[in-house]
Amino acid sequence: MATRNQMIRRAVLLSAALASMATGGVMPASGAEPTPPGPTTARPSGSGQPGEPSGASSGASSGATGASSGKETAPQQSTTPSGQATPGAPDSSSSSTTPTPPTTPDSSGSPSTPPDAPSGTASDAPGTPPSPSSPSSPSDPRALPDPAAPDAPLDPRAPGAPGVPGGPPSLVTGDPRDFGAQIFRGNAFDTCQAPSVSTMRAWKGASPFGAVGVYIGGRGRACPKQKHLSPAWVAAVHKQGWKLLPVYVGSQSPCVIAKNKRKVRMSGKDPYGQGRREGQDAVRQARKLGMTQRSAVYLDMEAYRYKNKKCADTTLRFVQGWNSAVRAQGYVAGFYSSANSGIAHLEKARAAGARGLPTAVWFARWRVRPSVNGERNLNPKAWQPHRRIHQHTGNKKRTYGGRTVSVDHNLVDAPVAIIK
């Protein structure tokens, strides 16, 4: 028969067991009351935070590569009215009170998305133009930069910097229309001096071309005084039905081959910063001409001796800086060069895991059959789809509608300018 003390002990144990059941098996500390789950501590069970696009990857780092598809994910960013990139929505596995990750400044004082920033997936239908509010709306996939070629972290230790090994390679794939780009497929010409509006009208329909490359700026531009190129010219030829391929001829590689380009070689002290400044200028010139966000702008880098490692490293950092500045302002970063020079260099950098590569490549290889897919210095799966231009013929006089112009011929399947 149980004694009085044993009965009291059993009663205490029974009370403790009941308390344990009421608090989920955890005994509260003496005098403490269990805190029930509330809105400030509960983790969401849904697909993401408010304002986060469905399909946003959870906890992806900026260096992650999709194992099955080879696609590289990008930091989710939007563009503010001032053109500054801003971090996107929090990771869907985070608490609802998790703050946006802080940014770190580069040498120029511009913020950078941290390496562990969340990523997003563009899901809008191809060809849908961005809405007027998209630059400031982080929930709009069209406000994202190219998800397959994220900006290089603004850090000299990033893959692609001198002496720094690369990370997982990106194939730079995905339809650019998914983030608001406009694609042209067909024949184009480019020429140093933009032809007159009347010449463009004479060539429209009479020539095999549907797009034209125009040199909008840069200190290395061979025809700095454009007789006809202006906002009015852009509006007029756009109304005629032409698509435009804006080209910016900025500072050239330290080991550029052409003698006439050596006077505009880039500095080796801060090539990334110089690239950013010139990328900002490229967007400025495009805007002046009426080319809106999501327009492509192509950096012209003439042939250089890319097998010189020091020169190649400097050139790559300049290109990464240029791309970063162009993307931060909501434009599409493209790159033109010789197939055996700049293109071979970027392909090598891509395979080594370099970040911040161009969205589209424009390669010059003359006297071969026109093909955007047959370039031997490009991985067949890289820069696909709708990310390539082949310049296959150069310096030829052509006459259409009674007007003669010296042009280069191009086969295009890539982003073009969007005219407001």
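Predicted model: local features only at pLDDT ≥ 70, side-chain atom pairs only at ≥ 80, totals over all residues.
I started with Ser341, whose side chain reaches the backbone nitrogen of Tyr304 at 2.7 Å.

Next I looked up where Ser341 sits: it is in the loop between β9 (332–338) and α6 (342–351). Buried or exposed? I found a relative accessible area of 3% for Ser341, so it counts as buried, the cut-off being under 20%. Leaving out residues up to four places away in sequence, I got Ala303, Tyr304 and Tyr306 as what Ser341 touches.

Then I moved on to Arg219, in the loop between β6 (211–217) and α3 (231–240). Arg219 comes out partly exposed because its relative accessible area is 44%, and that class runs between 20% and 50%.

Which residues does Arg219 touch, not counting those up to four places away in sequence? I noted Val249, Gly250, Ser251, Lys263, Val264, Arg265, Met266, Gln274 and Glu278. For Arg265 I have a distance too: its backbone oxygen lies 3.0 Å from a polar atom of the Arg219 side chain. I also checked Glu278, which is 59 residues from Arg219 in sequence, with 9.2 Å between the two C-alpha atoms.

The protein has six helices and twelve strands, and 51% of its 420 residues count as buried. Of the contacts with a separation of 6 or more, 76% are between residues 24 or more positions apart. I put down about 19,300 Å² for the accessible surface, with 56% of that belonging to carbon and sulfur atoms.

Methods
Residues numbered from 1 in each chain as written. Heavy atoms only, no water. Helix = DSSP H or I, 4+ residues; strand = E, 2+ residues; numbered from the N terminus. Buried < 20%, exposed > 50% of the residue type's maximum accessible area, 1.4 Å probe, protein only. Contact = heavy atoms within 4.5 Å. Areas by Shrake-Rupley, 256 points an atom, 1.4 Å probe, with all protein chains shown as cover. Polar contact = N/O pair within 3.5 Å; in protein donor to acceptor, adjacent residues only side chain to side chain.
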